[in-house]
Amino acid sequence: MSVYHRRHHRKHRKGKRINKRMQATLALVFFACLALFCVIVGRVIYIQVVNGPGYTKQVLSQMSYQNRVIPFKRGDIVDAKGTTLATSIDVYNVVLDCKILNDEENELKKEGKSGIIASTAKYVHQYFPDIEESAVTEAAAKDPKSQYKVLKKKESYKRMKAFTDFSESDDGKNAVAGIWFEKEYERQYPYPDLASQVIGFTASGNTGVTGLENQYNSVLNGTNGRSFGYQNEDNSLENNVIEPVNGETIQTSIDVLTQQTVNQAILKFNKKMAKAAGNGKRGSKNTAVLVMNPDNGQIYAMATYPTFSLNKPRDLTSLYSKKKVKSMDSIEQLDALNELWQNFPVSHTYEPGSTFKPFTISAGLETGTLKTTDTFMCDGGKKFAGGVYVRCESHHGIETVRKALMDSCNDALMQIGAKVGAKNFATYQHLFGFGQKTGIDLPGEPRTNTLLYNEKQLKSQPVNLATNAFGQNFNTTMIQLASGFASIINGGNLYKPTVMTKIEDDSGNTIVKNEPELLKKTVSKETSDTLRSYLKSVVTGGTGVTAQVKGYSIGGKTGTAEKQPRKQGKYLVSFIGFAPVENPKLLVYVVVDEPNAADQAHSKYAQEIAHDIFKTLLPYYNIEPTKKSSKEKK
């Protein structure tokens, strides 16, 4: 072996020994590190299991956890033109953070200064006079760790903004601390006395009690958001926010000007009646008006008297004297409020009287049991088995069908009812919607099926059929009768009455559109045309002349219903009218329950109100006056 090969062989053997030593050293270091890591992991696990809760409490004690509800805004209710009827306005709770206020005071003391608590109290009282300075100083002293002390609820945006501007100014930065504002919403009604029973109001913030507020409560309400996170000692905040989802807006068919016109006519009448009576009572027990579009069932106005302010729904002084209210116990007050909140056109049942007569005549014409050429003799009334005598208001003599409506002759209608027969009468009474809920989108509509006679009862007791034929001895609601009457004058189409026309989301996008809903056909076009002609004669030369507005084509029917118990001098009088006769676009129904007069049995009381309403609304709805013929001009 050469010298070179011997040297190379020795180096190679030496290198292998060095590599083995390095590998052994590395292995030793690796296992030492692994053992140390296992010790550390074991120690961490031990601390976590044994002392974890204690350490967690220590950490959390040095941190401030915030969890705040961000309220949603309840949706608006607007009229047909977008005028706001109900809305929610921003209000603010004035909140004191005692912990921050005391921390600021302590920091100042370290610098040899003090007075931030007293200064905050001074300026809070200055900007919010209802909050005494002592409320701030006492809260800071009694509960120094509290971070949520409400000093005042539902403060106005104006005052909140003024205080915020001051606190962020150069003078305010060092003068106040620990005051923040919690936003809420308060329901407000820009027209508080307008359609009060229809709009309704809320309680406990966002719970609808009556009217549309109740009917569409889930639609108007949204979903609260939430702000939450941790704030540590150096005041750095890691915050998460879930934004609220605001409620949706309800657009209605109610028209503000129409509703104002109705309210003014009702108030004018009742003031006049109260003044004339001079007995300290209001003008009537109840007065109610319904204005609707007979072509689609949409409600333009709905009013009940007496009414109340939606911004003060529990104020009974509009109905009683302050002395009387104070003398009432809680149950009496609640009963009085429930009566005041009732929506008469929807929830009150009554005997309709002669406004029902067009229905009886329509049934006769449709079934062929009555002809337009038929005549009847009115001799003042009709006698029934058992000695029951049902009288007419007069001895009208020979009556045609048209004249029977014009004179509102009970005797003729009893004879027409007998010709129609019990079966047909019961069938058409049901067809026109009597005894059934209309399905109007307002709460409080009652069941009236038990308030009607069935076919068997009408047949076995002819007096029942006779009195029903002219609108007595059964009950209905205003919305029932108005919907059925609309079908008589519009060609026979019975529509579901509605108030809501569409629903919009918070961005103004339409998400629901309430199209007119045709429920059924009631009469033929021929019958409808005939009845409109008859009803025009009622206004031009019959019992409804007081409702006439000069120059316009108006039809209608009067009603005078004696209330139960009979012969007590108490009446419910009414008038239902429409215009123009040729193509009805406006239906007005007025009910006056017990007018404040010695002699209540006069439909003129209801006609006066209808006249005033028509006089204003006919031009407003672009209903043209009738053109006079050449003979009339001369």
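User: Which residues of helix 2 are buried in this predicted model?

Analyst: In helix 2, C98, L101, N102 and E105 are buried. Buried here means under 20% relative accessible area.

User: Where do these buried residues fall, seen down the axis of helix 2?

Analyst: They fall within an arc of 95°, so they line one face of the helix.

User: What do the buried residues of helix 2 pack against?

Analyst: Their partners are strand 3 (84–96), helix 3 (116–127), helix 4 (133–142) and strand 4 (149–155).

User: What is found at the start of helix 2, and what just after it?

Analyst: At the start, a side-chain oxygen of D97 comes to within 3.2 Å of the backbone nitrogen of K99. Just after helix 2, G112 has a positive phi of about 80°.

User: What describes two packed helices?

Analyst: The angle between their axes and the distance between the axes. Take helix 3 and helix 4: the angle is about 145°, and the axes are 7 Å apart. Their crossing is right-handed. I117, T120, A121, K122, V124 and H125 of helix 3 meet E133, V136, T137 and A140 of helix 4.

User: At what angle do helix 14 and helix 16 cross?

Analyst: Roughly 35°, with the axes coming within 9 Å. This crossing is left-handed. Helix 14 contributes K357, T360, I361, A363 and G364 to the contact; helix 16 contributes N410, L413, I416, G417 and V420.

Technical notes
Residues numbered from 1 in each chain as written. Predicted model: local features only at pLDDT ≥ 70, side-chain atom pairs only at ≥ 80, totals over all residues. Heavy atoms only, no water. Buried < 20%, exposed > 50% of the residue type's maximum accessible area, 1.4 Å probe, protein only. Helix = DSSP H or I, 4+ residues; strand = E, 2+ residues; numbered from the N terminus. Arc of directions from axis to C-beta. Contact = heavy atoms within 4.5 Å. Polar contact = N/O pair within 3.5 Å; in protein donor to acceptor, adjacent residues only side chain to side chain. Axes fitted to C-alpha atoms, helices over the stretch in contact; angles between N-to-C directions. Left-handed = near helix turned anticlockwise from the far one by under 90°.
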